Amino acid sequence: MSNLIRFFGTSAAAPSLKRGFACIGLVEEEKHRSSREENIVLLDCGDGSIRKIMETKTSCLSISDILITHFHSDHLSGLAQVIESMDIQKRTRELNVFGPKGLEEYFAQIQRTTCIASKRKFIINVSELDTGTKGVKVSDHKVSTFEMQHTISCLGYRIENSDFVLAYTGDTEPCVEVLNLSEGADLLIHEATFLQKDIDKARSSKHSTPLEAAGDAEKSGTRNLVLTHINDNYETEEGIVSECKTIYPMVRVARDGLEIPL
Ligand SMILES: [Zn+2]
Ligand SMILES: [Zn+2]
């Protein structure tokens with residue numbers, strides 16, 4: 001068994017031709033002699049995620065669980081499309097969807113008004129998580145939640161198993177809970193929406209800069225940092241890295257299709 005991160009969508013809320021909206025796979029991969037079997041825990045599911053998943057030749061049927069950080073459309077509005085595709089492909093095994101308070105009502109409303117996958121043969125378990133939840137079993141991992149600081153309620157997820165600790169912020173401005181979320185993590189996936197020159201925009205929209213993300217990684221003893229939620233209409237990957245690598249060298253910028261072993 002090996003684990004890797006597969007970035008399906010790495011865009012901020014501003015549209016981009018190169019980047020899809022937020023969608024990241026934690027892939028547990030089992031190699032057999034003639035085939036490769038995967039199980040995937042999805043982190044966020046922004047609009048169009050199903051096409052980004054297909055572009056990497058990933059089967060949506062291999063997704064066992066979906067963790068939603070918050071209800072902004074660039075993190076959530078692809079959920080119904082992924083579920084429709086699972087139904088069309090005749091899924092039978094259960095799907096677990098986790099997210100902040102309000103997820104059950106959101107899903108029930110979507111179900112009522114759009115009749116998504118109304119004849120599906122699989123059960124969808126929708127679970128709301130409080131901030132400060134510890135050790136919920138998700139696939140083979142233990143998941144804990146942390147309260148990020150954003151314009152609406154946002155859960156940061158810390159995912160642990162015997163091999164690794166992964167931390168994912170979703171959208172947030174710098175806060176002490178990011179440090180708790182990522183303390184000693186093997187990998188921190190941190191949003192980096194604005195550059196330092198636009199720090200005022202980062203504060204007013206409650207987002208972070210690469211320099212702030214790198215500072216969090218350094219303070220929390222994180223081993224590796226990947227920046228995502230990128231506005232590439234605005235800056236190059238080199239520009240983003242150059243802003244922060246002096247204080248945290250183990251940094252890279254996510255792009256759609258990137259895979260990183262854990
Ligand atoms: Zn966002
Ligand atoms: Zn947001």
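# Close-up views of the predicted fold

**View 1. Gly170 sits in the loop between β10 and α5.** Residues are numbered from 1 along each chain as its sequence is written, with chains lettered from A and ligands numbered from 1 in the order in which they are written.

Back to the glycine: with 26 C-beta neighbours inside 10 Å, Gly170 counts as buried. For burial, C-beta atoms are placed from the backbone, and a residue is buried with 20 or more others within 10 Å of its own, exposed with 12 or fewer, and partly exposed in between. Leaving aside residues up to four places away in sequence, Gly170 touches Asp44, Thr69, His70, His75, Met148, Cys154, Leu155, Gly156 and Glu191. A contact, or touch, is a pair of C-beta atoms, placed from the backbone, within 7 Å.

**View 2. Strand β11 (residues 187-191) is mostly covered, with five of its five residues buried.** Look at either face and you find cover: Leu187, Ile189 and Glu191 are buried on one side, Leu188 and His190 on the other. On one flank, β11 pairs in the parallel sense with strand β10 (residues 165-168) over three bridges; pairing means that DSSP finds at least two bridges between two strands. Tyr168 has Ile189 of β11 as its bridge partner. To get from β10 to β11 the chain passes through helix α5 (residues 176-182), and this β-α-β crossover is right-handed. The test for right-handed is that, with the strands pointing away from the viewer, the path from the first strand over the helix to the second runs clockwise. β11 also runs parallel to strand β12 (residues 224-228), joined by five bridges, and here His190 has Leu227 of β12 as its bridge partner.

**View 3. His229 lies in the loop between β12 and α8 (237-244).** Its phi is near 60°, a positive value in a residue other than glycine. His229 is buried, with 29 other C-beta atoms within 10 Å.

**View 4. Lys90 is in the loop between α3 (79-88) and β5.** Not a glycine, Lys90 still has a positive phi of about 60°. Having 10 C-beta neighbours inside 10 Å, Lys90 counts as exposed.

**View 5. Strand β4 (residues 63-67) pairs with strand β5 (residues 95-99).** The two run parallel over three bridges, and Asp65 stands opposite Asn96 in β5. Four of the five residues of β4 are buried, so β4 is largely enclosed by the rest of the structure. Now for Leu67: together with Leu42, Leu225 and Leu227, Leu67 touches the most other members of the largest nonpolar core, which has 62 residues. Such a core is a set of buried Ala, Val, Leu, Ile, Met, Phe, Trp, Tyr and Cys residues joined through C-beta atoms within 7 Å. Not counting residues up to four places away in sequence, Leu67 touches Val41, Leu42, Leu43, Phe98, Val143 and Tyr157.

**View 6. Phe8 is part of strand β1 (residues 2-9).** With 30 other C-beta atoms within 10 Å, Phe8 is buried. Phe8 and Leu258 are 250 residues apart in sequence, yet 7.7 Å separates their C-alpha atoms. Beyond residues up to four places away in sequence, the contacts of Phe8 include Gly20, Cys23, Ile24, Ser49, Ile53 and Asp256.

**View 7. Helix α4 (residues 103-114) has twelve residues.** Of these, the number buried is zero, so α4 lies largely in the open. At 1.5 Å a residue the helix should span 16 Å, and its end C-alpha atoms are 16 Å apart, which agrees; the expected span is 1.5 Å times one less than the number of residues. After α4 comes Cys115, with a positive phi near 55°.

**View 8. Zoomed back out, the protein has eight helices and 14 strands.** Its radius of gyration is 17 Å, close to the 18 Å that the globule rule gives for 262 residues, so the protein is as compact as a globular protein of that length. That radius is taken over C-alpha atoms, and the rule is 2.2 Å times the number of residues to the power 0.38. Along the principal axes, the C-alpha atoms fill a box of roughly 50 × 45 × 35 Å. Buried residues make up 44% of the 262.

Conventions
This is a predicted model: local features need pLDDT of at least 70, side-chain atom pairs count only at pLDDT 80 or more; totals for chains, interfaces and linings use all residues. Two residues are in contact if their C-beta atoms, placed from the backbone, lie within 7 Å.
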